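Q: I have a structure open and would like to learn how to read it feature by feature. Could we go through it together, beginning with the chain as a whole?

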Amino acid sequence: MLERTLSLVKPDGVGKRLIGEVIRRFEQAGLKVVALKMLRMTKEEAKGFYIVHKDKPFYDSLTDFMSSGPIVAMVLEGEGAIAKCREIMGATDYRQAAEGTIRRDFATDIEKNVVHGSDSPESATREIAYFFSELDIVHY
Ligand code: CMP
């Protein structure tokens with residue numbers, strides 16, 4: 001199914017100069033970038049983005065981290081884009097991520113894991129709308 005998903009290069013990924021590497025891997029796997037921007041979230045914006053994790057012990061630390069520096073937000077489009085993006089990223093915990101995945105190759109921490117990708121069609125819809133309006137999405 002043709003899907004859209006939201007991916008973020010997190011502050012650690014931007015700091016490690018991995019923006020191009022992350023996008024290259026997505027494009028090489030056949031995903032198409034249909035919206036893209038760089039921004040820095042406030043603590044409140046990060047809390048809103050990760051609201052589903054509000055009761056987790058890592059919520060405060062995660063939202064501090066996600067508002068600590070610039071991120072790159074993008075919408076990826078393609079067949080099975082949600083699963084494909086997650087496959088390319090690897091498991092949340094880089095120690096469990098498969099070889100050749102972004103997190104296995106570049107993450108050093110369960111929290112500072114370089115990238116984010118939506119985990120379901122429902123979260124993709126919500127997360128895309130968090131950063132982009134329908135007018136920001138290009139068709140080509
Ligand atoms: P992400 O895919 O963006 O979704 C939630 C984020 O919370 C996750 O990546 C990590 O950055 C962070 N995270 C998940 N589990 C933990 C954990 N056990 N400890 C700290 N951070 C976590």
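This is a predicted model: local features need pLDDT of at least 70, side-chain atom pairs count only at pLDDT 80 or more; totals for chains, interfaces and linings use all residues.

Q: Which helices and strands does the chain contain, and in what pattern do they follow one another along the sequence?

A: The chain has 7 helices and 4 strands, and along the sequence they follow the pattern β-α-α-β-α-α-β-α-α-β-α. The radius of gyration is 14 Å, close to the 14 Å that the globule rule gives for 140 residues, so the chain is as compact as a globular protein of that length. Along the principal axes, the C-alpha atoms fill a box of roughly 40 × 35 × 25 Å.

Q: What share of the contacts comes from residues 24 or more positions apart?

A: Among contacts with a separation of 6 or more, 71% are between residues 24 or more positions apart.

Q: Which other strands pair with E3 or with E1?

A: Strand E2 (residues 32-39) is joined to E3 by 7 bridges, and the two run antiparallel; there, valine 33 has leucine 76 as its bridge partner. E1, for its part, is joined by 3 bridges to strand E4 (residues 115-117), again in the antiparallel sense, and serine 7 of E1 has glycine 117 of E4 as its bridge partner.

Q: How many residues of E1 are buried?

A: In E1, 6 of the 8 residues are buried, so this strand is largely enclosed by the rest of the structure.

Q: How should I read the nonpolar core, and which residues touch the most other members?

A: In soluble globular proteins, nonpolar side chains tend to be buried together. Here the largest nonpolar core has 31 residues, of which Leu76, Cys85, Ile102 and Val115 touch the most other members. The elements that give two or more residues to this core are E1, helix H2 (19-28), helix H3 (43-49), helix H4 (59-66), E3, helix H5 (81-89), helix H6 (102-106) and helix H7 (121-131). If residues up to four places away in sequence are left out, isoleucine 102 touches Val22, Arg25, Ile88, Met89, Gly90, Val114 and Val115.

Q: Is valine 114 buried or exposed, and what is its phi?

A: Valine 114 is found in the loop between H6 and E4, and it counts as buried because 27 other C-beta atoms lie within 10 Å. Its phi is positive, at about 70°, although the residue is not a glycine. Arginine 17, which lies in the loop between helix H1 (11-15) and H2, also has a positive phi, near 60°, yet this arginine is exposed, with 8 other C-beta atoms within 10 Å.

Q: Where is aspartate 12 placed, and which residues does it touch?

A: Aspartate 12 is in helix H1 and is buried, with 21 other C-beta atoms within 10 Å, where 20 or more is the cut-off for burial. Beyond residues up to four places away in sequence, aspartate 12 touches Lys112 and Val114. Aspartate 12 and threonine 63 are 51 residues apart in sequence and 13 Å apart in space, C-alpha to C-alpha.

Q: Why does arginine 95 count as exposed?

A: Arginine 95, in the loop between H5 and H6, counts as exposed because it has 9 C-beta neighbours inside 10 Å. Arginine 95 and valine 34 are 61 residues apart in sequence and 31 Å apart in space, C-alpha to C-alpha.

Q: Finally, which residues are around the ligand?

A: The residues around the ligand are His53, Phe58, Leu62, Thr92, Ile110, Glu111, Asn113 and His116. Sorted by class, this shell has 3 nonpolar, 4 polar and 1 charged residues.

Technical notes: Residues are numbered from 1 along each chain as its sequence is written. Two strands pair if DSSP finds at least two bridges between them. A residue is near a molecule or strand if its C-beta atom, placed from the backbone, lies within 6 Å of it. Ala, Val, Leu, Ile, Met, Phe, Trp, Tyr, Cys and Pro count as nonpolar, Asp, Glu, Lys and Arg as charged, and the others, Gly among them, as polar. A nonpolar core is a set of buried Ala, Val, Leu, Ile, Met, Phe, Trp, Tyr and Cys residues joined through C-beta atoms within 7 Å. A residue is buried if 20 or more other C-beta atoms lie within 10 Å of its own, exposed if 12 or fewer, and partly exposed in between; C-beta atoms are placed from the backbone. Two residues are in contact if their C-beta atoms, placed from the backbone, lie within 7 Å. The radius of gyration is taken over C-alpha atoms; the globule rule is 2.2 Å times the number of residues to the power 0.38.
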